[in-house]
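Me: I would like to go through the labels used for this chain and see what stands behind each of them. Please set every value against its cut-off.

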Amino acid sequence: MSFATPDGYLKEARALPVAGASARPRIRLVEDAREVPVLGGVRSPLPLDSLSPLRYPGSKRKLLPALRQIIEANHDSPLDLFVEPFCGGASVSLGLLELGVIKHALIADFDPLIAAFWMEATARPEQLVRAMYRQPPTLANWDKWRAAQPRKTSQRALKCLFLNRTTFSGIIGGTAGPIGGRAQTSEYTIDCRFNKEQLAKRIRRIGELAADGRLLTPSEGTWQDTLRLVDGWAADLGAKSVVIYLDPPYVEKAHHLYDRPFSRTDHENLAASLLNEQRHWILSYDKVPLVLGLYGHFADIHEYSVLHHYTVKGQRDGSVPGREVIFTNLPTVPADSSSPEPARKDATR
Ligand SMILES: C[S@@+](CC[C@H](N)C(=O)[O-])C[C@H]1O[C@@H](n2cnc3c(N)ncnc32)[C@H](O)[C@@H]1O
């Protein structure tokens with residue numbers, strides 16, 4: 001039995017039953033108000049064409065400066081291979097490739113529609129672009145795709161792209177409705193995020209990265225499947241430096257956001273695996289007692305808070321600590337990390 005106290009402590013101290021894992025992490029009492037180094041980094045603007053074509057609830061693009069700081073403090077730049085087993089919109093891999101921080105990215109996701117999108121966008125970008133241009137962003141087409149159960153990878157990819165760009169918050173499955181609702185009377189209608197020209201440029205950019213051998217998508221798979229593939233890919237690429245970046249579904253509200261939410265046991269199994277992992281990894285999470293209890297009490301695992309920069313009227317105005325937390329077994333703390341800044345109440349985004 002465990003419970004979070006109002007002051008942010010997690011009360012629990014039992015060994016966890018973890019299937020098939022030799023490590024048995026214990027959730028410990030962890031103080032949420034601990035001071036941990038803060039990362040912010042310098043934001044480097046990326047061209048629009050290099051952004052992910054998928055909108056993603058919980059996109060980690062905002063973590064790029066912090067992840068860059070950690071990677072560059074620990075490895076010669078560029079890193080040979082970056083692996084993203086929970087890739088979603090793959091915004092981190094795409095961003096780090098464009099910034100030249102990494103040479104290769106290997107991305108995978110367990111969701112069959114997301115995985116199909118990345119397989120098609122990397123292997124057959126022009127076909128996907130042509131098929132996308134034939135899609136009218138209408139309620140009738142939205143209903144058709146919502147009901148469709150395509151078997152072919154190309155059709156799954158199209159379903160993923162269409163629903164992601166026309167559904168509220170980019171949520172592909174579940175009960176989320178079309179942008180603008182059934183009445184389509186709001187300022188934002190179903191077509192407002194379906195800019196075909198812009199999407200075509202982004203898909204073609206993915207095709208270029210794949211054709212250059214920099215963006216690799218093996219197939220759909222669980223995070224365990226991807227971890228099993230890493231050494232083989234690293235050997236094929238001659239990669240000496242490898243970092244695995246894990247961004248699992250949120251602990252809270254995940255069932256509203258993703259078709260493949262994580263159960264508490266899934267979170268515990270991931271911890272059991274990472275606490276035993278010899279290869280370098282970085283993990284981002286929402287800052288909740290379960291997560292702090294699983295990872296927050298090991299001397300060889302570093303914890304960071306992340307500053308989010310915000311702008312008002314086009315001007316950089318300040319930064320606030322975000323709600324994410326980063327854990328990593330990479331040993332070197334970036335020299336430019338700082339002590340926490342107090343949150344500003346007037347922050348607007
Ligand atoms: C928080 S999202 C990743 C968001 C991504 N970092 C981004 O910036 O767009 C988590 C992803 O994990 C995937 N997922 C859920 N369970 C999984 C599993 N067992 N193995 C691999 N991926 C899984 C979901 O489909 C979802 O795309």
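Me: Why is R61 called partly exposed?

Reply: R61 has 15 other C-beta atoms within 10 Å. A residue is buried if 20 or more other C-beta atoms lie within 10 Å of its own, exposed if 12 or fewer, and partly exposed in between, with C-beta atoms placed from the backbone, and the count for R61 therefore makes it partly exposed. This is a predicted model, in which local features need pLDDT of at least 70 and side-chain atom pairs count only at pLDDT 80 or more, while totals for chains, interfaces and linings use all residues. Residues are numbered from 1 along each chain as its sequence is written.

Me: Where does R61 lie, and which residues does R61 touch, not counting those up to four places away in sequence?

Reply: R61 lies in the loop between β3 (38–39) and α1 (64–74), where helices (H or I, at least four residues) and strands (E, at least two) are DSSP runs numbered from the N terminus. Leaving out residues up to four places away in sequence, R61 touches S91, V92 and G95, a contact being two C-beta atoms, placed from the backbone, within 7 Å.

Me: What makes α4 and α6 oblique to each other?

Reply: Helix α4 (residues 125–133) and helix α6 (residues 153–166) pack at an angle of about 55°, with their axes 10 Å apart. Axes are lines fitted to C-alpha atoms, for helices over the stretch in contact, and angles run from 0 to 180 degrees between N-to-C directions. Angles under 35 degrees count as roughly parallel, over 145 as roughly antiparallel, 65 to 115 as roughly perpendicular and the rest as oblique, so α4 and α6 are oblique to each other. The contact is made by Q127, L128, A131 and M132 of α4 together with S154, A157, L158 and L161 of α6.

Me: How do you know that β7 is largely enclosed by the rest of the structure?

Reply: In strand β7 (residues 242–246), 5 of the 5 residues are buried, so the strand is largely enclosed by the rest of the structure. Both faces are covered, with V242, I244 and L246 buried on one side and V243 and Y245 buried on the other.

Me: Which strands pair with β7?

Reply: Strand β4 (residues 79–84) runs parallel to β7 and is joined to it by 3 bridges, whereas strand β8 (residues 280–286) pairs with β7 in the parallel sense over 4 bridges. Two strands pair if DSSP finds at least two bridges between them. L81 has V242 as its bridge partner in β7, and I244 stands opposite W281 in β8.
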